[in-house]
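User: I am new to this structure and would like to learn how to read it. Please take me through the features one at a time.

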Amino acid sequence: TWIRRTSRPLDVLAFAFLASVFTRWLLDGRPAEQAVRTLASDIGIAVWIAFAIDYVVRLSLSVPRGAFIRTHKLDLLMVLLPFLRIVRVVIIIIRSVRQISTQRIASSILGVAAVVVSVGALLEWRFESRAEGANIHTLGQAFWWAIVTTTTVGYGDEYPVTWQGRIVASVIMLIGVGLIGTVSASVASWFVARRKDAEAVRAAGEAGEQDVRSEEHTSELQSP
């Protein structure tokens, strides 16, 4: 069906739209990056066209169409208000996290940390690079700051001075603590699982030995 064929591509386009919005926002007021901002704007328009076509096609395939409009109000809003496509990204992330087991989340810690560091560094650079009295001026400094903040090391050589930057720092620190807690819990869970497996194997072995002894004893009693 149309929905099954277009669901995954539309999810990808939602992330592309988020990236284009993020890029335009980061490069706002920087004339040297006008070409990149124009490309990001074109990508946003292309994504809007794709979502509009998807909505029109699904509406035309639905019977009755009035019921489709009433039950798909968010889809209509995402066409009329393009910025709401970010909601689709949030829904995708929440749905994906719910489907991931604890073991898989633990194995994806590096990926989560990379996303946190990258987003945090970009936001911090955007807020701090032109602020008065700031000490984070380049992307390199922003990434170094994000790494030491996410790992809760916090050398203090670079720090935010704007209220927006401090909010970003607070969020990154909370996420960093959560990541460390997840790693600790996963390691503890792994050791507990290994211990249970070892105990189960040992119990099975002891049960097998008892069965053998019981059979031998029975054979001795039955022998003339």
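User: What share of the residues in the protein is buried?

Analyst: A residue is called buried under 20% relative accessible area, exposed over 50%, and partly exposed in between, using a 1.4 Å probe and protein chains only. Of the 224 residues in the protein, 26% are buried. This is a predicted model, where local features need pLDDT of at least 70 and side-chain atom pairs count only at pLDDT 80 or more, while totals for chains, interfaces and linings use all residues. Residues are numbered from 1 along each chain as its sequence is written, and side-chain values use heavy atoms, with hydrogens and water left out.

User: How do α1 and α2 pack?

Analyst: Axes are lines fitted to C-alpha atoms, for helices over the stretch in contact, and angles between N-to-C directions run from 0 to 180 degrees. Angles under 35 degrees count as roughly parallel, over 145 as roughly antiparallel, 65 to 115 as roughly perpendicular and the rest as oblique. Helix α1 (residues 2–26) and helix α2 (residues 34–61) have axes 9 Å apart at an angle of about 155°, and are therefore roughly antiparallel.

User: Is T149 buried or exposed, and what does T149 touch?

Analyst: T149 lies in helix α8 (residues 139–150). Its relative accessibility is 9%, so T149 counts as buried. Contact means heavy atoms within 4.5 Å. Leaving aside residues up to four places away in sequence, T149 touches A169, I172 and M173. The T149 side chain also reaches the backbone oxygen of W145 at 2.7 Å.

User: Which residues does the cis peptide bond join?

Analyst: That bond joins V63 and P64, with omega of about -5°. P64 belongs to the loop between α2 and α3 (65–71).

User: What do the contacts say about the protein as a whole?

Analyst: Among contacts between residues at least 6 apart in sequence, 63% join residues at least 24 apart.

How values were computed: Helix = DSSP H or I, 4+ residues; strand = E, 2+ residues; numbered from the N terminus. Polar contact = N/O pair within 3.5 Å; in protein donor to acceptor, adjacent residues only side chain to side chain.
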